[in-house]
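Student: Please take a close look at one part of this model, the barrel, and at what goes with it. Keep it brisk, and give me the geometry.

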Number of protein chains: 4
Amino acid sequence: MVVILKENPDPRQLDNLTKWLQSQNLQIHTSSGVHQTILGLVGDTSCVDMDLIRALDIVEDVVRIQDPFKSANRKFHPLDTVVEVGNAKIGGGNFALIAGPCSIESEAQIISIAEEVKKSGAAILRGGVFKPRTSPYAFQGLRAEGIKLLLEAKKETQLPVVTEIMDISQLDLFADIDLIQVGARNMQNFELLKQLGHCQKPILLKRGFASTIKELLMSAEYIMAGGNNNVILCERGIRTFETATRNTLDLAAVPMLHSLSHLPVVVDPSHATGIARLVEPMTMAAIASGCDGVMIEVHNDPAHALCDGPQSILPEQFDAISRRAAILRETLKK
Amino acid sequence: MVVILKENPDPRQLDNLTKWLQSQNLQIHTSSGVHQTILGLVGDTSCVDMDLIRALDIVEDVVRIQDPFKSANRKFHPLDTVVEVGNAKIGGGNFALIAGPCSIESEAQIISIAEEVKKSGAAILRGGVFKPRTSPYAFQGLRAEGIKLLLEAKKETQLPVVTEIMDISQLDLFADIDLIQVGARNMQNFELLKQLGHCQKPILLKRGFASTIKELLMSAEYIMAGGNNNVILCERGIRTFETATRNTLDLAAVPMLHSLSHLPVVVDPSHATGIARLVEPMTMAAIASGCDGVMIEVHNDPAHALCDGPQSILPEQFDAISRRAAILRETLKK
Amino acid sequence: MVVILKENPDPRQLDNLTKWLQSQNLQIHTSSGVHQTILGLVGDTSCVDMDLIRALDIVEDVVRIQDPFKSANRKFHPLDTVVEVGNAKIGGGNFALIAGPCSIESEAQIISIAEEVKKSGAAILRGGVFKPRTSPYAFQGLRAEGIKLLLEAKKETQLPVVTEIMDISQLDLFADIDLIQVGARNMQNFELLKQLGHCQKPILLKRGFASTIKELLMSAEYIMAGGNNNVILCERGIRTFETATRNTLDLAAVPMLHSLSHLPVVVDPSHATGIARLVEPMTMAAIASGCDGVMIEVHNDPAHALCDGPQSILPEQFDAISRRAAILRETLKK
Amino acid sequence: MVVILKENPDPRQLDNLTKWLQSQNLQIHTSSGVHQTILGLVGDTSCVDMDLIRALDIVEDVVRIQDPFKSANRKFHPLDTVVEVGNAKIGGGNFALIAGPCSIESEAQIISIAEEVKKSGAAILRGGVFKPRTSPYAFQGLRAEGIKLLLEAKKETQLPVVTEIMDISQLDLFADIDLIQVGARNMQNFELLKQLGHCQKPILLKRGFASTIKELLMSAEYIMAGGNNNVILCERGIRTFETATRNTLDLAAVPMLHSLSHLPVVVDPSHATGIARLVEPMTMAAIASGCDGVMIEVHNDPAHALCDGPQSILPEQFDAISRRAAILRETLKK
């Protein structure tokens, strides 16, 4: 961390700052030029509050040189992390398609879709049971009952399963769930993240729709700081001024996350765009950008889905996407 | 709600749609023009999923005519809601200054600030104890211990107190807290909102930094749907491309919220701007925009605050702001 | 266009509105429900001002059913437009790599790069001569002198050339330029667009960094309304809250533009990301999303480029990208 | 400017960088710590391209310590600039209301409004004649004919007048216009700004709807670099994800601009919100934030205005706003 002082800093305040920094176990290298003095801080600056220092009267600016995430940082862990989800692997060259309905509605529905997507090459089954809906009057998911149906589908198809947790009180219900999803709206629900750090299940951490790439990594750090390194990052679109698509899918985040972190990165083109006909081109683009998995909403009858219908595709469409995706991945390996 | 059909809709699909809408207890008024057919839906459309209908092949667009919030809607509750927080009132012409430190650090600190801000005219004392920090390595607040200190300050000064809840499991600790704050990051933590709907304490609901005005009202609706109508809305800045200030304070949200809803609206210029010298002009602007309260961070020694120092002001500065604010409010009443 | 009236509209105002709409040569189909009356407007609504109607006291909302762009609209021109740029073709299955330096610096530089990128498969040479720089003190480009150097490179390599125009007064200098670029900052310089509509040269219209997809199409419409249909659209990233990349590349815009319009779409990953190591993955992703061309900055010595160095890649890197891009396109055709 | 090097920089590359920096007339102060070396650059860094340096392999980050605007910078010009527009003054404690219709439609219209707003206290008359419309099919303004009508109104009322220029070729028509407006879409039309720097007329520079505060100041610098210091800055709302208002009015920009620059700042609540009933509260808030003027759209019959009707208010409403604004300004002076 580098602290750039204003011209002619008040010596008493500078002395205060120096002592306070030293009390944080930091060494200070001072370099004085004609117009400016710069303090180089050496030591563990990950818990130093930049804003606090920047607020001081004598400080012009503060620059963090090391990213404040450690466990998630590729610098300290150069090798790709491979996360195992049941018998599926994600990361380090392992790719997985995650597919299933937005909401689980019935046993027949989830089992039928599970069988279809498995046949088409999906490695993990998704299905929503706790649904974060903007309106309290909208369908909130089958909840505990939905978990049971999802586990039925798992038993039938041997596919590992992923579903979203919305509150830590629901954790007991997730005992047999293979991958716990933290939704975009909960990416900075830090109490939830802390608790998930104490379990050893893989976590699918979705980027908040107004969160930066570095904030996503800091949220991963919350989970990893508790001892759980099985974190999969998920890009699912950010909120911008553009209204033609539901969100703006930020595919540059994929190579950027890969350069900053060793964690696997999957992409959710269904929620990002909110439009079924964009799912295929964005799946292909996501793969070409280098992601480790794609999560796709598949429904057997989108027109009657209880939620998020517009972004769902039919099993036969998923089959075509899966086939094209496999060919694309073969080509990219060359 | 109005459904605009594409030209020459498939009759079978139209029949399906019509039946499905009727099964939602909606009456349908069809009007056919040369190139387009429009369905006017009459009935309670608040739980109808627009996106679902828009996804249909035969549908061009769907327009909601009534806002999907009811309890929070001024149309159905024309009179201003007045929320009582201890002996303070907010809304319906009642204005309150809320002041105190970002984080409670010690008994001496919080009591000293509490006495100062009370003397200067604050009606409610704020002080953070559960702190939502981006980094797991940053100071997380004094937590349960902090609640005790805040209640000490309440006892000493008789000021009602507000602090932020981060997880529903903390609710028991809030028994003697007068106003429970839901932070921006939890505005769409729907499980938390639902639980808060079942208690009768006043809730200070902060707008998410990437949430629209209507989404804020939908989150208020979650609380009110549970039976708790004591909701105070708080504008605290939204995330935009501008980096000169921490967030962009959206003051037009104040009169807009007042026209859409009967709930009181307070403004937090400290977090919105993140810069101490902007707190006074933005407090004045917020009051001129018509808000029902302003929440200001006050610290006795900003340079040594454990968090959020740059946006804090000193008690003597708060005193000056409070005096100018009072004069301004007198003028605006004329 | 559909006008939704408020309940119980004032009859005199309704009469005024009706007459005014009729004076705009629109037929009105009125359909009255219990709580609402809807006016369906039939005719050419492309020049009707929605905001004007929405402002009326008696109007609840206005919905445009037909997009206000006509010449650019795929509905009226279902076949892909193929734009010819010298001997290169873009659109309708024709793909082109556009490559060259951000700024032209010398004859040796531009000719050397031109030869290199041609060898590697570029179909069009780019080189900036009028540079829109944020600071008046930054290098503004070689201007007229640069045009000469670019034309030298064209003569040497037979590559068609593209460069940016910044003001209509520069048009005479563009007589031998094959493709005129309108930069992101000028996308809504309507006077410039109108003038370019009167020439018959192909125009490369870059999306403004805060412009929606529909606004981009409206700007294309400005050019086409003047009689020039040779417009190529260019996605180059939009401004969001994310700062890890310079802009956020919106690749979903590619299939979205293709569905709304018949015009070809190219992608500029260099400016969008501002980071050289992201150019290859974003080029691949852009191609996989279905674009008709990619524009890449190539420099023989990025460390000494006079502007925009960070996003430039070396000729040997471009060669590798071009080869991978060709393989990818072969795969996608299958 | 401070350049932070990566650990163990390649000595040859460091030597290259050092020489290149020296060739830019900069002195270099090197300070080496255990893990990092920092170069402090002393001299005129306003034309040094940060991005170029940041692109180098050996560079970790670059921090600009001095803002790259000089003429607009309050550091070098501590006193408020007062701009004279005819007999009106703006800045340095002088406040002006600017009022008039969005578009000039007829002599009767503009003269009648001019008389009304003058009576109500407006100091400057506005009226659009060249209109930047998103659609080429929308009304484009009366253009040259409109300038004549505006000058008629000036003659009748002795009010100085302001209207927008869209292209430098229109400049001759502005000979008798007192204040030339550069619209938000042209804020980075650098060729236009350069030309306006060579005339001595006051310029009203509107902030681009996706431009930062610093970019606005850099655009002012373009004008001032040419010798014209009569620049008035205008905040008119920025583009965000919020759709309840047309744009998000960034009132914190007012005190922020005042601290960074000596130029006067006016606010346009009409365009920012796009909603007539928000004009009064946002005018009051703008004044309370410390602005030097407010620009308000006034129309004698908003329902029939040819453009931008929803945001216009009637003369009697303007009269009430003007009276309340005067009282507010009196209070704030205390």
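Tutor: Buried means a relative accessible area under 20%, exposed means over 50%, and partly exposed is in between. The model is predicted.

Start with the barrel in chain D. Eight strands close it, in the order β7-β8-β9-β10-β11-β12-β13-β14, and their pairing is parallel. From one strand to the next, the twist averages 30 degrees.

Take one neighbouring pair. Strand β8 of chain D covers residues 124-126, and strand β9 of chain D covers 161-165. Two bridges pair them in the parallel sense. Across this pairing, D:Leu125 stands opposite D:Val161 of β9(D). Helix α4 of chain D, residues 144-157, packs on the sheet there. Helix α4 touches both β8 and β9 of chain D. The direction of α4 makes about 165 degrees with that of β9(D).

Now go to β13 and β14. In chain D, helix α9 (residues 279-288) lies across β13 (265-267) and β14 (293-297). Helix α9 runs at about 170 degrees to β14(D).

How many bridges pair β7 with β14 in chain A? Five, in the parallel sense, with β7 covering residues 96-100. One partner pair in this region is A:Gly100 with A:Glu297, the latter in β14(A). Strand β13 of chain A, residues 265-267, joins β14(A) through two bridges, again running parallel. Here A:Val266 stands opposite A:Gly293 of β14(A).

Is β14 of chain A enclosed or open? Five of its five residues, 293-297, are buried, so the strand is largely enclosed by the rest of the structure. The side chains split by direction. A:Gly293, A:Met295 and A:Glu297 point one way from β14(A). A:Val294 and A:Ile296 point the other way. Both groups are buried.

Next, the aromatic pairs. Over all chains there are eight. Consider A:Phe130 and A:Phe174. Their ring centres are 6.3 Å apart and their planes meet at 20 degrees, so this pair is stacked. The cut-off used is planes under 30 degrees apart.

In chain D, look at D:Phe190 and D:Tyr222. Their ring centres lie 4.5 Å apart, with the planes at 20 degrees, so they too are stacked. D:Phe190 belongs to helix α5 (residues 190-197) of chain D and D:Tyr222 to helix α6 (residues 213-225) of chain D, so the pair ties together parts 32 residues apart in sequence. D:Phe190 is buried at 1% relative accessible area. D:Tyr222 is buried as well, at 2%.

Chain C shows the packing of helices α5 and α6. Helix α5 (residues 190-197) and helix α6 (residues 213-225) of chain C pack at about 45 degrees, with axes 6 Å apart. From α5(C), the contacting residues are C:Phe190, C:Leu193, C:Lys194, C:Leu196 and C:Gly197. They meet C:Ser219, C:Tyr222 and C:Ile223 in α6(C).

Back to the loop between β8 and α4. Most residues other than glycine have a negative phi. C:Arg143 has a phi near 55 degrees, a positive value in a residue other than glycine. C:Arg143 is placed in the loop between β8 (124-126) and α4 (144-157) of chain C. With a relative accessible area of 25%, C:Arg143 is partly exposed. In chain D, phi of D:Arg143 is near 55 degrees and also positive. D:Arg143 is in the loop between β8 and α4 of chain D. Its relative accessibility is 24%, so D:Arg143 counts as partly exposed.

Finally, two contacts between chains. B:Lys70 lies over the face of A:Tyr137, 4.8 Å from the ring centre. C:Lys70 lies over the face of D:Tyr137, at 4.8 Å from the ring centre.

Note on methods. Residues are numbered from 1 along each chain as its sequence is written. Chains are lettered from A and ligands numbered from 1 in the order in which they are written. This is a predicted model: local features need pLDDT of at least 70, side-chain atom pairs count only at pLDDT 80 or more; totals for chains, interfaces and linings use all residues. Side-chain values use heavy atoms; hydrogens and water are left out. Two strands pair if DSSP finds at least two bridges between them. Helices (H or I, at least four residues) and strands (E, at least two) are DSSP runs, numbered from the N terminus. Axes are lines fitted to C-alpha atoms, for helices over the stretch in contact, and angles run from 0 to 180 degrees between N-to-C directions. Contact means heavy atoms within 4.5 Å. Rings of Phe, Tyr and Trp (its six-membered ring) pair if their centres lie within 6.5 Å; planes under 30 degrees apart count as stacked, over 60 as edge-to-face and the rest as tilted. Buried means under 20% relative accessible area, exposed over 50%, partly exposed in between (1.4 Å probe, protein chains only). A charge sits over a ring if NZ of Lys or CZ of Arg is within 6 Å of the ring centre and within 35 degrees of the ring normal.
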